[in-house]
Amino acid sequence: MNVVMLGLPGAGKGTQSKRIELQFGLRHLSTGDLLRSEKQRGTPLGRAIAERIDSGNYVTDELVISLVAQALKVSAAKGYVFDGVPRTISQDRMLSDLLAQFNMQIDLAIELRVSREVARKRLSDRASIEGRTDDTAETIRHRLEVYEAETAPLIDHYRTQGILRTVDGRKTPDEVLELVREAVGEITGESSRG
Ligand code: AMP
């Protein structure tokens, strides 16, 4: 089974992805983490990535999908929880094509829904704890806008496919995980997609 996590930056995708990894034995694959580790290498590619991340803009679809392809090749897990990808409709197509090569598909999309105010507050709190270079006030504002423009259309896209489940992201991590379990049960129980 492959799960895609959707939601504003700060909705809790990373936190829940780690829990889903433990709960369901899926491999957590965060494109933000892959990009940040490339950034840290300080290569020309890493510097180009840094420029995009630190300004709150997306890197290209091709770059992010090539990193995912490399990760899938070495990992060979039975399924993944994709955290931060796809972020555009075209990434959804590219990821689906890639998964098809491994006889897999996107089975479930979980939208963690929080308001922009909650997202903004959580990101600025995270800034002081984790010190992420893209958690500054101005970049946060821009990232929320980019999400609405580029990523939010995926919600309708997955709803149309019948694989979207929306969860209230303001609840506690335990409560959210419980709702995620229900969503997984519905998908695995009601269809043969997995
Ligand atoms: P995240 O850790 O998911 O919040 O990602 C941090 C930053 O990495 C984003 O603001 C983007 O600049 C970049 N990024 C992560 N995933 C993607 C993606 N799928 N497509 C484009 N850019 C991405």
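How many bridges join S2 to S3, and do the two strands run parallel or antiparallel? Four is the count, or 4 bridges as I have it in my notes, and S2 and S3 run parallel. Two strands pair here if DSSP finds at least two bridges between them.

Hi everyone, a word on where the values come from. This is a predicted model, in which local features need pLDDT of at least 70 and side-chain atom pairs count only at pLDDT 80 or more, while totals for chains, interfaces and linings use all residues. Residues are numbered from 1 along each chain as its sequence is written, and side-chain values use heavy atoms, with hydrogens and water left out.

Let's start with the whole protein. It has 9 helices and 5 strands, and from the N terminus the elements go β-α-β-α-α-α-β-α-β-α-α-α-β-α. The radius of gyration is 16 Å, which agrees with the value near 16 Å for a compact globule of 194 residues. That radius is taken over C-alpha atoms, and the globule rule is 2.2 Å times the number of residues to the power 0.38. Along the principal axes, the C-alpha atoms fill a box of roughly 45 × 35 × 30 Å. Of the 194 residues, 46% count as buried, meaning under 20% relative accessible area, with exposed over 50% and partly exposed in between (1.4 Å probe, protein chains only).

Now the sheet. The 5 strands form an open sheet in the order S2-S3-S1-S4-S5, with parallel pairing. At the edges are S2 (27-30) and S5 (164-168), each pairing on one side only. From one strand to the next, the twist averages 20°.

Let's walk across it. S3 and S1 pair in the parallel sense over 3 bridges; Met-5 has Asp-83 as its bridge partner, and Val-4 has Phe-82. On the S4 side, 4 bridges join S1 to S4, and Val-4 stands opposite Ala-109. Finally, S4 (residues 108-113) and S5 pair over 5 bridges, with Arg-113 partnered by Asp-168.

What about the two faces? In S1, Val-3 and Met-5 point one way, Val-4 and Leu-6 the other, and all are buried. S3 is covered on both faces too: Tyr-80 and Phe-82 on one side, Val-81 and Asp-83 on the other, all buried. Helix H1 (residues 13-24) lies across S1, S2, S3 and S4, at about 175° to S3. For that angle, axes are lines fitted to C-alpha atoms, for helices over the stretch in contact (heavy atoms within 4.5 Å), and angles run from 0 to 180 degrees between N-to-C directions.

One last stop, just past S3. Thr-88 sits in the loop between S3 (80-83) and helix H5 (89-101). Is Thr-88 buried or exposed? Thr-88 counts as buried because its relative accessibility is 9%. The side chain of Thr-88 reaches the backbone nitrogen of Gln-91 at 3.0 Å. Leaving aside neighbours within four places in sequence, Thr-88 is in contact with Tyr-58, Asp-61, Glu-150 and Leu-154.

How values were computed: Polar contact = N/O pair within 3.5 Å; in protein donor to acceptor, adjacent residues only side chain to side chain.
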